[in-house]
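Here are a few notes to read with the structure open beside you. Take the points in order and find each residue as you go.

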Amino acid sequence: YDSTGGIPVSITCRSCKDEERQYAKNWLWQIVAHKQLLGPPRDLIYRVMDIVDHFLIHHRIALDQWLRLAGDQRTLANLKEWSATSDSEGARDCSQQAILRAERRLKTLQEDMIRSKTAKAIRSWPPAPEWFPDDSSPVPLFVSAVLAEALSYWLAPPSICKFTSRLINSLGDEPLEGFQDGGDYWSCIMAKLLNKFDSLSESQSCRTHQYTVEEMDKVRALVRLLYVDWFQKETPLCHIRRIAAATCMSEEARAAAMLLYDISSEDKNSQCWERDVRLAACDLVEQLRTDCRT
């Protein structure tokens with residue numbers, strides 16, 4: 001699950017896409033049951049899944065490049081500023097060499113963006129977090145940003161006050177960078193949950209990056225740009241309930257239909273007609289036959 005670093009070959013194979021997709025779903029279910037999220041409805045979770053699936057298929061390479069571009073541009077700007085304020089000749093020589101390396105890295109990234117045909121799309125995206133580490137996967141951050149945006153549609157975020165500040169701070173001992181009065185409650189909650197439950201590294205001691213509210217807000221801005229209409233779309237569960245009501249489907253048949261969808265959305269190999277999928281499909285057919293007889 002390491003970051004692809006913008007290399008297309010790392011994510012074009014089906015097994016890599018399936019692994020990241022399954023990891024994203026595991027990560028989502030890991031944090032969605034937390035008591036601070038107030039038990040959101042399953043329709044909301046499936047809507048988040050649909051957005052994450054679409055993004056990983058169509059924009060996964062661009063996500064890495066978007067983050068790397070912001071980091072490389074900030075690094076180059078800092079090096080130039082440091083070079084301009086350096087007093088010694090040796091320091092200026094070192095900074096010039098570092099500037100040349102940073103410019104080559106930035107040029108290589110821009111060429112990669114042109115080859116992968118993502119340059120035009122990334123130029124229309126909002127500003128990215130500037131210090132996201134190259135050795136960390138951005139998938140948990142993106143999933144959490146989508147979930148925070150979906151939660152804000154479901155339940156308007158409460159204002160940050162003394163009580164909500166205590167709730168947010170209770171999620172971990174580490175202070176939350178960027179947390180302040182007037183911030184978005186769901187962004188703060190998701191950033192704290194990321195820092196508490198990020199299991200991407202082999203151990204918590206291996207992970208040094210601390211997610212911030214600013215990072216969460218910037219990725220949420222990207223989510224709003226690309227998927228603002230998706231948060232109003234009906235999920236398959238909505239369609240199942242509507243069809244069930246229109247056809248007077250029994251409770252057993254409706255439950256079987258929802259079970260089949262649950263398994264299909266959870267199992268990345270459902271297209272291979274796994275045993276659980278076959279069992280749920282047979283149960284649905286049997287319930288529909290019973291409905292037809294009555």
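1. A residue counts as exposed when its relative accessible area is over 50%, and as buried when that area is under 20%. Keep in mind that this is a predicted model. Lys117 has a relative accessible area of 76%, so it is exposed. You'll find Lys117 in the loop between helix 5 (89-115) and helix 6 (119-123).

2. Stay with Lys117 for a moment and look at its backbone. Most residues other than glycine have a negative phi. Lys117 isn't a glycine, yet its phi is positive, near 60°.

3. Cys248 is another one to check: its phi is about 55°, again positive in a residue that is not a glycine. Cys248 sits in the loop between helix 11 (236-246) and helix 12 (251-266). With a relative accessible area of 69%, Cys248 is exposed.

4. Now for the helices. Two packed helices are described by the angle between their axes and the distance between the axes. For helix 7 (residues 139-154) and helix 10 (residues 213-227), the axes come within 9 Å and cross at roughly 70°. Angles of 65 to 115 degrees count as roughly perpendicular, and helix 7 and helix 10 are therefore roughly perpendicular to each other. The crossing is right-handed.

5. Who touches whom here? On the helix 7 side the contact includes Leu141, Phe142 and Val146, while helix 10 brings Met216, Val219 and Tyr227, among others. Sorted by class, this contact has 9 nonpolar, 2 polar and 3 charged residues.

6. Ile51, His54 and Phe55 of helix 3 meet Leu222, Leu226 and Tyr227 of helix 10. That contact has 5 nonpolar residues, 1 polar and no charged ones.

7. How many of the 17 residues of helix 3 are buried? The count is 12, so helix 3 is largely enclosed by the rest of the structure. Among the buried ones are Ile51 and Phe55, but also Asp43, Arg47 and Asp53.

8. Helix 10 has buried residues too, including Glu215, Lys218, Arg220, Leu222 and Tyr227. As for length, the 15 residues of helix 10 reach 20 Å from first C-alpha to last, close to the 21 Å expected at 1.5 Å a residue. Helix 3, with 17 residues, reaches 24 Å, close to the expected 24 Å.

Definitions and conventions. Residues are numbered from 1 along each chain as its sequence is written. This is a predicted model: local features need pLDDT of at least 70, side-chain atom pairs count only at pLDDT 80 or more; totals for chains, interfaces and linings use all residues. Side-chain values use heavy atoms; hydrogens and water are left out. Axes are lines fitted to C-alpha atoms, for helices over the stretch in contact, and angles run from 0 to 180 degrees between N-to-C directions. Helices (H or I, at least four residues) and strands (E, at least two) are DSSP runs, numbered from the N terminus. Angles under 35 degrees count as roughly parallel, over 145 as roughly antiparallel, 65 to 115 as roughly perpendicular and the rest as oblique. A crossing is left-handed if the near helix is turned anticlockwise from the far one by less than a right angle, and right-handed if clockwise. Contact means heavy atoms within 4.5 Å. Ala, Val, Leu, Ile, Met, Phe, Trp, Tyr, Cys and Pro count as nonpolar, Asp, Glu, Lys and Arg as charged, and the others, Gly among them, as polar. The expected span of a helix is 1.5 Å times one less than its number of residues. Buried means under 20% relative accessible area, exposed over 50%, partly exposed in between (1.4 Å probe, protein chains only).
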